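Student: I would like to go through a domain interface and check each label against its rule. Please show the sequence and the structure.
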Amino acid sequence: MLEQVDQLIHAEWIIPVVPENLVYTNHTLVVNRGRIAAILPTDQVASQYQSTQETKLPGHALIPGLINTHTHAAMALLRGLADDMPLMTWLNEHIWPAEAKWVSEEFIHDGSQMAIAEMLLGGTTCFNDMYFFPDITGRVANSAGIRAVLGLIAIDFPSAWASDGDDYLHKGLQVHDQFRTNPIIHTAFAPHAPYSVGNGILERIRILADELEIPIHMHVHETHDEIVQGLQHHDTRPLARLNELELLSPALAAVHMTHLEANEIELFAASGGHVVHCPESNLKLASGFCPVAELMEAGINVALGTDGAASNNDLDMFSEMRSAALLAKGVANNASTLPAAKALSMATINGARALGLQQETGSLEPGKSADMVAVDLNRINTLPAYHPISQLVYAAGREQVTHVWVAGRPVVSAGSLTTLDTQQLLKRTDEWRERIFASDVDS
């Protein structure tokens with residue numbers, strides 16, 4: 001008797017990511033109850049499975065959903081507000097004043113919707129966020145059907161979200177409780193950076209993260225100025241201070257890590273921590289170069305993120321893969337550094353590992369959630385497709401994404417969003433543009 005299943009997805013190529021660099025040609029992925037039931041040659045499907053829902057994808061590669069391991073989603077509303085200027089000018093004269101004036105529940109709701117729409121259309125099925133009002137972002141993400149890790153932000157300064165460190169932690173714990181049983185919404189502590197969070201709050205976060213068994217997500221060694229501040233205020237480099245506070249552990253996802261000495265790479269590797277590389281944001285803000293080759297050689301798990309759209313200026317993980325691969329080769333002066341298959345791993349399973357979600361997502365394996373993306377390689381710019389993985393990383397663009405599923409649910413079908421109203425999003429974003437730009441010009 002044939003087994004009845006929810007979906008059969010037939011693709012010219014299925015790239016599971018685990019094992020790395022493997023490509024199945026003319027295979028079918030079987031989905032049942034939101035999870036991957038099997039992957040098998042298409043010519044064997046009819047003798048084992050039947051389904052009322054079949055998707056045929058000739059010329060397509062089916063890959064795991066991309067994971068944006070670091071972003072500030074709602075900052076999509078600040079995209080392009082202030083470009084091509086030094087970091088502190090950008091922050092002090094434009095971004096921070098705009099945030100002080102406009103960040104609210106309404107801003108977070110609309111900005112998160114815009115960011116999620118962009119990410120879904122570009123094949124991102126999971127994002128790790130760090131911003132204010134994470135409860136609002138969580139509700140928007142849940143409604144849109146995208147997997148999210150909500151950063152329970154902590155910073156020493158007051159904001160529209162919280163008044164002080166204690167308030168940030170109190171509200172963060174409430175957000176964790178609100179979503180703790182949600183299958184696609186997860187949480188992580190998100191202390192902003194070593195220079196903006198004091199020892200007392202960091203120590204409490206370490207204890208709470210251990211108790212709740214959730215990750216810690218933090219900007220670390222992003223700029224040279226951060227190192228200087230650490231030496232001035234704490235008589236030590238930031239990473240050494242985090243080590244003294246016992247924050248270096250497999251629970252830590254350290255974002256950026258562009259200024260590292262050899263002994264710091266060795267220390268971090270021994271801790272089991274993860275690095276989140278944001279190549280395009282680092283380049284645009286001239287923050288420095290993450291030593292990806294050295295990190296990988298040390299055995300450190302390196303994931304990919306876009307950072308926020310205000311400093312990138314997009315949430316495009318295809319572009320991020322390409323930039324990461326090319327930049328790593330240039331910095332290492334070695335064309336074999338970070339090959340295409342590893343770049344794809346960084347954008348998928350490595351992100352899942354950094355977020356503690358590797359048992360749920362990040363690769364196409366039986367038993368895992370059916371978080372998948374179909375990419376049409378039958379385009380002028382990706383033909384001939386000698387090596388599909390190379391084409392995905394070096395030639396394909398996010399506009400070639402045709403279908404996206406999260407836990408088996410179609411969230412993009414034939415290139416269109418199924419869970420968000422595009423026209424309403426465009427209208428609301430234009431309204432925000434008028435308000436924010438007028439206040440930026442006035443200032």
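Tutor: Across the interface of domain 1 and domain 2 the rule finds three salt bridges. The model is predicted, so local features need pLDDT of at least 70 and side-chain atom pairs pLDDT 80 or more, while totals for chains, interfaces and linings use all residues. Numbering runs from 1 along each chain as its sequence is written, and side-chain values use heavy atoms, without hydrogens and water.

Student: Why is the pair glutamate 20 and lysine 342 called a salt bridge?

Tutor: The term requires a side-chain nitrogen of Lys or Arg within 4 Å of a carboxyl oxygen of Asp or Glu. The closest N and O atoms of glutamate 20 and lysine 342 are 3.2 Å apart, so the pair meets the rule.

Student: What makes up domain 1 and domain 2?

Tutor: The assignment, automatic or from a database, gives 3-64 + 372-407 as domain 1 and 66-355 as domain 2. Their C-alpha centres lie 30 Å apart.

Student: How many residues of each domain are in the contact?

Tutor: Domain 1 supplies 24 residues and domain 2 supplies 29, where contact means heavy atoms within 4.5 Å.

Student: What is the area buried between domain 1 and domain 2?

Tutor: About 2000 Å², with 67% from carbon and sulfur atoms. Buried area is the accessible area (1.4 Å probe) that two parts lose on being put together, summed over both.

Student: Which residues of domain 1 lose the most area to domain 2?

Tutor: Val393, Tyr394 and Arg398, together 35% of what that side buries.
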